[in-house]
Every structure is written in structure tokens, then in C-alpha cells.
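This briefing is for a reader new to the structure shown below.

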Amino acid sequence: MTDQKTPAIASDREPILLTKKDFVSDVDPRWCPGCGDYSILAQAQKAMPEFGYARENIVFISGIGCSGRFPYYMNTFGFHSIHGRAPTLATGLKASRPELMVWVITGDGDALSIGGNHILHSMRKNVDIKVVMFNNRIYGLTKGQVSPTSDYGQKTKTTPGGSINYPIHPLVVALAAEASFVARSVDTFPDHLQETITRAGKHKGSTFVEVLQNCNIFNDGAHREFTDRDVRDDRMIFLRHGEPMIFGKDRDRGIRLNGVRPEVVRLGNGITEEDLLVHDETSEDPTIHFMLARIYWPEFPVPVGVIRNVTRTTHDALLQGQVDDAIRREGRGDLRAALGGGETWTVER
Amino acid sequence: MSTTEPTTESTTEHEIAIQELDRVTVRFAGDSGDGMQVTGSQFSQSTAVFGNDISTLPDYPAEIRAPAGSLPGVSGFQISFSSSPIYTPGDAPDVLVAMNPAALKRNVGDLVPGGAIIVNSDAFTPNNLAKAGYASNPLEDGSLKEYNVHEIPVTTLNARALEGLDMTAKQVDLTKNFFALGVMFWLFERSMEPTLAWLEEKYAKRPIFIEANKRALMAGYAFGETTEIFHTHYRVAPAKLRPGTYRNITGNEATALGFLTASQLAERNLFYSSYPITPASEILQQLSLYKNFGVKTFQAEDEIAAIGAAIGASYGGGLGLTGTSGPGMALKTEMVGLAVITELPLVIVDVQRAGPSTGMPTKTEQGDLFQALYGRNSDAPVPVVAPASPAECFDYAVEAWRLAIRHMTPVIYLSDSFLATGSEPWRIPELDELPDLKVANRTDPQGFYPYMRDPETLARPWAVPGTPGLEHRIGGLEKLDVLGSVSYDPDNHHRMSMLRAEKVARIANDIPPLEVFGPPEGDLLILGWGSTYGAIRSAVERLQGRGTSIAHAHLRYLNPFPANTGDVVRAYRKVLVPEVNMGQLLFVIRGTYLVDAVGFNLVRGKPFQISEIQMKAEQLLGDL
């Protein structure tokens, strides 16, 4: 599904054929050479034809930070808003124009520091927006200050003595906020990233995707310890719905529950696949999803893939439903009657 | 109370005098749990339906239930009604209804000399007297001798009227305000019908409450009719208002109806996004009832989200509207700037209250004018409109949208607590009297650029998502003139700053001139804005009646000012600007027009009284 013509059905027009090229705008991307954002942009542009939306029916809304430039490079409608607030604009747009496909592009500082409240509430209201959060664990655009996902002890320009704050786990926040789709991918895993974005785009409801992204200027190698090609199979676990949680180059390790705690076990010596947890992204009970969102290298392999994917009626559909119900029940509003409501009296000439 | 000929007629076995009055001001006061707001608004409703001109002012504590019987827990509702047009809820009440000692203590000082006091004597227990800080019982110690005091054991009489109903003593007690209301209905010859109809609707599912309140109301009325404590009842003839159909309306109700109307006139869906805040919350509550008009309401997680969602809706081609009060305005500031630079239509309602910070949430003030005009980073011009009376809130809600759509700009609509909660009769407009708000979205991709402009208004096109061929990107970064791409070019930024300013300035060509009430030139002009209208107009009418050279002009447009404003303020020897703030319009007028205007500034959380404006004007005229 790279650059081949993909048949797609636009929501309100003739069947159309779009390719990645159709989604490339006339603005040249201006991120630092080697930035992980280039890959995220490319995978998003490749995924877009999959959804069957005409370009004019897709809107990208961003906040502030390096991620904020993203909409300029997408040949769709785009709105580069203010710091942390993209979910609010997206919510209002989606509520009033439910037929549009609305994406929010954000970063770890934008989404989890200044904009934390909006992430919480757009997710819990199941607003049908697709939030893609680029997590480079640093403030890049402002040139290297500590972020809410920076490591404890990390030295940055504002924490020369080391950060005294414990980092936030973005996917735990998304789950706690009742996001109906929660996933993680990595900028340097193009196929996995494209697949994750495609699945996010097809989900109806509040969607939160964390993309582990490298800032090669201000926080180079933030994820390298487990994402590098030669270690990733041993230090990450690729989640697949319905499959046991197995990882390792030799697929010889897995995760099982010991009481209420997860533990890594080696298969063999009486331990079989039967003992391992089986990934169920559709489980209403989020307990295991919370566990997957919380475990991390070096204690555990880092999970990537779709962690949670449940179906709930979306905010825009519920809102529109109340409008439709009211019209069905009371008829279309009559302005004259509304103005003349309540007790009235007439003054004669 | 201004009176004419007293007459006498025989009604029951008692001889009851009937006194004709021009204007009466009544204040209901009681514990915040006593239902004084309901009592006051029911009395207002009947009085409006009777045909008097009315003006009302609720005054309630911010605490939902301050300790019962305490001074901070006193809730009041004032209504002035008249047989001729009136503009204010009255300076000093002629009649005070006090349901307990605290209500008496808090309000008796405002009463006109010789005014009437009706008290619930049952509430004057040693305990309640102590809570109100009375060392002795004012009903017995002679301290009220300059007033005309009527003691009624409301609690006892009301309980007797409700005997036999299956209700707790507490529930019975909660209806005693309707007994007092019944007494007042009798005293001023009001019909009980609107209230009885209201009860039927309000308690449709609790018939016992209908029966209980009805009995309380009728018992109060009968008490007035049969008792000998009142020797007079009062008649205020209907006022001669402009012909038409009227309803009594508060500012917040009129505001909500205005926005609903704007959406119907513009044929665009209204999206109202707000965060609860006193005194703006009623607008969100009321608009949430208009779903069958396609109105969508959104209670956002905070003030910033509220305006952000509204901008999102406007970006999508809807009418994105947000509402708040001063503290919420402060939070929305950055978003207003975003709407300025993206040049999207948006209306921001600020129902002002006393500040700074949380201030006095239920008390009125005009302190947010500077915030509306200037409260943003950099040069970010925003049109500002301000209605002058509760009924006018309707007109300016529509007007705010007309300007926002036609000129592609955010517009700030400044109401205040006095307008929002006060009420007056509103002549319901005919639909064909209302302006046309329809504008077309841009649909033609040929020659389209996001920041191309209408040559007359300088408005940019409304190019909404979903329009084929118009895909483009906007945002908070400075844009290249016409093309709309991001630009850091110095000359372009200067040009765009000038264009944004010029676009708003040109609105002066699209609004009516400032009207003057009184001589077009002379000794003194009183220039006001917002809710000071009634007090200024009444004071000016009184002084004009004495042959003084005085005029009144009232600004509904604070940015830009009407084109003739400079000519008006320069045509008088003195200009007085009364404001419920420390002199904000004054500062702008002096700075803009270089006139030596003087301020009159009282910030007490309550409206000006007519007499205060009058005295200040007399003082200035005396100095000439």
C-alpha cells in the first residue's frame, strides 16, 4: 500500500483514486535533517488514501512545537493552533461537522503539559478525533528544555542538575481518560507506524497514538536502547490481537501474570505459550491494558501496537442524536414561537 | 411612591382606600432559602402582564445557602413598576417585604422615609434576632417608628392554610413566600393567574406542591382582603408602551434568544461552547433547550477549551459562540488572538461581574472594558458591542453576529450582571424587522487565496473544510498577505497589522451614528455605555424638565466608536462619563478625542442610582 493506486470511496463523492502524492502539500518540510518527524509525515501521507476520504474532508489540527508544523505539509485542510489547545478546536469542528475526518498532531509537551486537560476530556468524551502524539521526551522547538516525559535525573537546559520530576506515561493517561483506541509505534518502524496510523484512522472514537520519535539534536537516542535494529526484538514486544504475548529474536520469551503482577518468562522448562497472556485489545476491562501501558524497558520489553480498541458511540454522534431526537419529537424549531414563549401581553394602538 | 388622587370605594365589609400611584418600587428580602427570587419574579411577571412598565434587580448572595437567618444569607429582589416608561429598578424601595430580622436589618436603610415594611413577625424570635445582630426586637423597641410597619404572622397563618395536606412541617414552611406574594398581589391589585399557571406547569408531576402553593397564595390574598391592617391598596395604571406583543425578559434570556435568532437569520448552526460561571451560566442552560433549531451546546472542560471549540466550529462554517464572565475572559485571551489572526467569525460573551480575580461573583461591574479592548498580546483589534438594557441584549446579540460574519472577525459582547439578571418588558420583534445575516461560503477554487480580501470590508473569504479545491492551512503564525502562507517578512507583518486594524476600523461605516438625547450642543453631555443607561436617562430627563442644557449619549459600540462620536463629545462645555469601574471609557474617550471629559465612578457591585447621577450632573453644571 505504498505508492500504488488504492481505490477509495470518498464519503460524499464519486469513487476516487488517491495516492500518497495527493497528500503532499507544496510546502517543503522544515524539520532538522534526520528528525523522526519526516518518517511520521511520510507514513501518514501513505496511510491517507486508505480511508476513502476526499482531501477536502480531512483536517489536520496541531498545537505548538516541532509537531505543530505537520499540517502545513499535508495537502488537506489544516489549522496550526496554539500551544496545547488543538484538541479543543478539533472537538468543536468535529461536533459541528461530523462528516469530516479530524486529526490532532501534538507532542509530549503540547499534549501532556500545557494541554493535559484537553487530552483528558477529549478522550473521555470519546470525541472522534485521532490524536497522534510525537514523544521525543524533550522540548525541541524551544531548544532543549525538560518535558513531562523526560527521564528522572535527565540533564537538560532547564535541569542542569538533573530533572527532579518523574516522567508521565502517556498511554496510562490516555487509558485513564477512557480513550477508546490507544496505540504506540516508533518513527523508525515505517511499516508498523503506517499500519498503526491506518488502524487509528479507521477507528471511530477518541484515538490516542504515541509515536516514539527521535530528536537527534536535543535528545538524541532517547529510545535507542530498545528501538535499535539489533536489540528491538529482544527489548520490545509487538502486540497482536488474539495472540500470546511472545517476544525475542528467537520468540522464546513471553509475559505472564504472576498473581496480579506481570513477569517475563522464558518458554521451556514446563512453561508453554498456554501460560502467557493473550492480547485482547477489545477487552472492556482495561486492567491488562493499563499493565501494557505501564511496563517499560529495562524491566520489561516495551509494548508497541494497538493496546486498546473498544467501541463506544462517539461524542459527535450523541450530540447530533439529541438534535435529531428533538426535531423528531418537537418538529423543527419555530423562531416566532421561541421569541413569543412564556407569558405575553399585547399593547394596542 | 408618587401619588395622585386618593379615592375610596367599598370592596368588602371594610372601607378600603384606593390610591393611584405613578410608580412603585418594592423589594422582597428574606433568607436565601426563602424563595425570594421566585417570589420577586412571579410578582414581576404578573405586573408585566398587567401592562406596567417594569424594571427588576435581583440581589442574591454567591453562597447557595449561607447559614439560615444570617446577614450574608439575605437574598433580595427589587422591582419598580410604573404607569409611564421607566429605565431603572428604582433608587429606594417604597415597600419592603422582610421575611426575617436579617432581611430587615440589611434592607431597612434603603427604604424611602415613611416607606412601608411588611414583616413576617413569626421570624422575629430571640435566636433570629441574635443572628441578625439585633440587641432588641426592632418591632418592639420603636426603632422603626418612621416607617409604616405591618406585622403579619406569615409562618403561622400559612401553616394553618395548609393544614390537612400530607406534607412535612419543613415542606409547609417552604411555601410561606407564596403567602407573602398573595398579600402583595392583593395590595397592588395584581392578578394571581400567571402565577397559578406557572405552578401548574412547574409542579406538573407533584400535584401536592401545586395545591400547597396555591393555598398559600390564596390565603395571603384573602388575608389582604379581609384584614384590617391595610387601610389602603394601590393602583398603578398600565403604561403606554409602543404597540406590540410583549413579554418580560431578563438580559441573559434576551441574549440567548438573540443568538438563536442570529443563527436562524444566518442559516447556520449555532455551536455554543462554555464553562459554567456566574452570571453567564443561564445562557448555556437556555441555549441547550433549542436543540430542535440545530443548536449544539458544549460544556467544555475549561474556559480555554470553550473558546477553542467555538473557533473550531466557526472554522467549520458554523456560528461558534462562547460565553463567560471576567475571570473566564482572562483565560480565553490567547484564543481571542488566534481568532484575530486567523480572521474567523466568533462571538465572545462577557457578562461582567465585580473583580479583580473572583471578586464578587454575583455583583455587577463594568470593569472589563479595557480587557475587551486591549486584553491580548500584541495589536489584536476586536470589535466590542454592549447592550444598554435587558431587552436590548437581544438586538446586540444579533448585531454581534452580523458584524462577526460580515467582517470575518471575533466580536466581544459585553453584558453585565445587572443586565443579565434584571428584567424589563420586551416588545417581541416581527421576523421581517430583523436584519439579513446570510453570507456565502467561498466555493470557487479559481483564484482563491486564504487571505484575499473583500475590497469594501477587507474581510477574507470563509473557506470551510469540505470544499473541494480550497484545501489550505491557517493558524497562529503570521500570514503572507493574500497568499496566506507563513511569513516572517518585516514589511509583510507591518502590512498585515495595518490590515487587521483597518478592517475593524471600517466597521464604523457599517454601524449607526451615536444618537443624542437632548440638545445637539450645550452645557453638559453625559456619555455612558452598558447598563448605566437607565440611571443616566432618568437623571437627564429630570434635569431637562428643569430647563437645564443637558444631553445623554449612550455608546453601544465601543470598538470602533460610531463615526460621529468625536463631534458629539466636542459639542458640549462639559462631558461626564459615569461608569461602574474606575474610569475605563473615560480614559479611552480622553485619549481618542482629546476632550477634557470627567468621570463619575462608583464601584460598589451595584448599579448607579438616578439621584447619584443627578447630583453629580448638578454639581458639574453649578461649576460652569
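Which residues line the largest cavity? The model is a predicted one, and the lining of its largest cavity is made up of B:Val97, B:Met99, B:Ile118, B:Val119, B:Asn120, B:Ile152, B:Val154, B:Ala180, B:Val183 and B:Met184.

**Cavities**

- The count of cavities of 30 Å³ or more comes to seven.
- A volume of about 50 Å³ is found for the largest cavity.

**Helices H11 and H12 of chain B**

- Helix H11 of chain B covers residues 303–315 and helix H12 of chain B covers residues 326–342; their axes come within 8 Å and cross at roughly 30°.
- Because angles under 35 degrees count as roughly parallel, H11(B) is roughly parallel to H12(B).
- The crossing in which H11(B) passes H12(B) is right-handed.
- On the H11(B) side, the contact is made by B:Glu303, B:Ile304, B:Ala306, B:Ile307, B:Gly308 and B:Ile311.
- On the H12(B) side, B:Gly328, B:Leu331, B:Lys332, B:Met335, B:Val336, B:Leu338 and B:Ala339 take part.
- The residues of this contact between H11(B) and H12(B) divide into nine nonpolar, two polar and two charged.

Methods:
Residues are numbered from 1 along each chain as its sequence is written. Chains are lettered from A and ligands numbered from 1 in the order in which they are written. This is a predicted model: local features need pLDDT of at least 70, side-chain atom pairs count only at pLDDT 80 or more; totals for chains, interfaces and linings use all residues. Side-chain values use heavy atoms; hydrogens and water are left out. On a 1 Å grid over the protein atoms alone, a cavity is a set of points where a 1.4 Å probe fits but cannot get out, and a pocket is an open set with protein on both sides within 12 Å along at least five of seven lines; lining residues have an atom within 4 Å of a point. Grid points are joined across faces, edges and corners, and a volume is the space filled by probe spheres set on the points. Axes are lines fitted to C-alpha atoms, for helices over the stretch in contact, and angles run from 0 to 180 degrees between N-to-C directions. Helices (H or I, at least four residues) and strands (E, at least two) are DSSP runs, numbered from the N terminus. Angles under 35 degrees count as roughly parallel, over 145 as roughly antiparallel, 65 to 115 as roughly perpendicular and the rest as oblique. A crossing is left-handed if the near helix is turned anticlockwise from the far one by less than a right angle, and right-handed if clockwise. Contact means heavy atoms within 4.5 Å. Ala, Val, Leu, Ile, Met, Phe, Trp, Tyr, Cys and Pro count as nonpolar, Asp, Glu, Lys and Arg as charged, and the others, Gly among them, as polar.
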